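Look at the sequence and the structure first, then read the points below.

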Amino acid sequence: MLIARIIFLFLFLVPEITLAQAPGLPGVVIEDLPGGGQSYSLTLQILALMTLLTLLPAVLLMMTSFTRIIIVLSILRQALGTQQTPPNQVLIGLALFLSFFIMAPIFTQVNDDAIQPYLDETIKADVAIEKALMPIKSFMLKQTRHTDIELFVQLAGQEELKGSADVPLRFLLPAFVTSELKTAFQIGFLIFIPFMVIDLVVASVLMSMGMMMLSPMMISLPFKILLFVLIDGWSLILGTLAGSFYAA
């Protein structure tokens with residue numbers, strides 16, 4: 001949703017007067033601003049945007065709750081021992097829509113603070129991008145461990161940062177992904193425990209009965225599915241995942 005709006009914003013909602021006044025598409029035009037910066041022509045901006053579109057989906061997925069959710073769901077499927085059930089398409093779709101639900105307040109704030117003012121021509125593009133990144137960075141900082149940020153700051157050879165507001169995106173993004181991986185595996189470990197207990201009990205019973213040729217997985221799988229259904233496992237897992245972001 002946010003990706004589509006940003007693409008639509010930069011590609012189709014540019015004022016048509018600029019193109020109407022020119023006899024043709026302008027070349028690369030760079031103008032010096034009074035403050036010392038530079039302004040690039042519309043053609044160059046679109047070229048840079050189209051180049052970044054290949055990385056935009058991956059970057060936005062790594063800056064949202066998608067990473068933690070898809071890893072936890074994958075570990076859950078492995079703990080159940082159901083092989084390819086649910087299939088990857090279902091897990092990815094579920095992770096995407098749950099990510100949209102979790103990130104909805106962030107996307108709303110981006111729309112109100114950045115996209116709508118830019119469409120109303122009350123702020124410029126660079127200011128809109130800066131305002132759009134602020135709520136996303138705030139969300140990422142709440143989920144990122146300080147030790148992970150310090151790790152990448154030290155790897156870059158930078159001085160110690162004064163506060164969370166001074167963390168650049170090039171440090172925050174890898175630190176956020178590292179923290180999400182650690183959190184996802186911690187949740188996955190807790191999910192694995194009850195299913196591992198069932199596997200151990202079933203294996204012990206089969207060994208005591210002398211049925212060593214029978215696969216314990218074949219017997220334990222129905223019991224694990226039954227346990228998961230009785231405790232309303234899907235609602236519990238999805239609710240816990242969503243709550244882990246709101247509680248942070």
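A residue counts as buried when its relative accessible area is under 20%. Glu-180 has a relative accessibility of 0%, so Glu-180 is buried. The model discussed here is predicted.

**Salt bridges**

- Side chains of opposite charge can pair when their charged atoms come close.
- The count of salt bridges in this model is 2.
- One of them joins the side chains of Glu-180 and Arg-68, with an N to O distance of 2.6 Å.
- Because Glu-180 belongs to helix α9 and Arg-68 to helix α5, this pair ties together parts that are 112 residues apart in sequence.
- Arg-68 is buried too, at 3% relative accessible area.
- The side chains of Asp-199 and Lys-224 also form a salt bridge, at 3.4 Å from N to O.
- Asp-199 sits in helix α9 and Lys-224 in helix α10 (residues 216-230), so this pair links parts 25 residues apart in sequence.
- Asp-199 is partly exposed at 22%, whereas Lys-224 is buried at 1%.

**Nonpolar core**

- The largest nonpolar core holds 44 residues, and Phe-195 is among those with the most contacts inside it.
- Helix α6 gives the largest share of this core, 11 residues.
- Beyond four places in sequence, Phe-195 touches Leu-76, Ala-79, Leu-80, Lys-224 and Phe-228.

**A loop residue**

- Thr-82 lies in the loop between α5 (66-80) and α6 (88-119).
- With 15% relative accessibility, Thr-82 is buried.
- A polar atom of the Thr-82 side chain is 2.3 Å from the backbone oxygen of Thr-85.
- Leaving out residues up to four places away in sequence, Thr-82 touches Arg-77, Leu-221 and Ile-225.

How values were computed: Residues are numbered from 1 along each chain as its sequence is written. This is a predicted model: local features need pLDDT of at least 70, side-chain atom pairs count only at pLDDT 80 or more; totals for chains, interfaces and linings use all residues. Side-chain values use heavy atoms; hydrogens and water are left out. Helices (H or I, at least four residues) and strands (E, at least two) are DSSP runs, numbered from the N terminus. Buried means under 20% relative accessible area, exposed over 50%, partly exposed in between (1.4 Å probe, protein chains only). A polar contact is a pair of N or O atoms within 3.5 Å; within protein, one must be able to donate a hydrogen and the other to accept it, and residues adjacent in sequence count only if both atoms are side-chain atoms. Contact means heavy atoms within 4.5 Å. A nonpolar core is a set of buried Ala, Val, Leu, Ile, Met, Phe, Trp, Tyr and Cys residues joined through side-chain atoms within 4.5 Å. A salt bridge is a side-chain nitrogen of Lys or Arg within 4 Å of a carboxyl oxygen of Asp or Glu.
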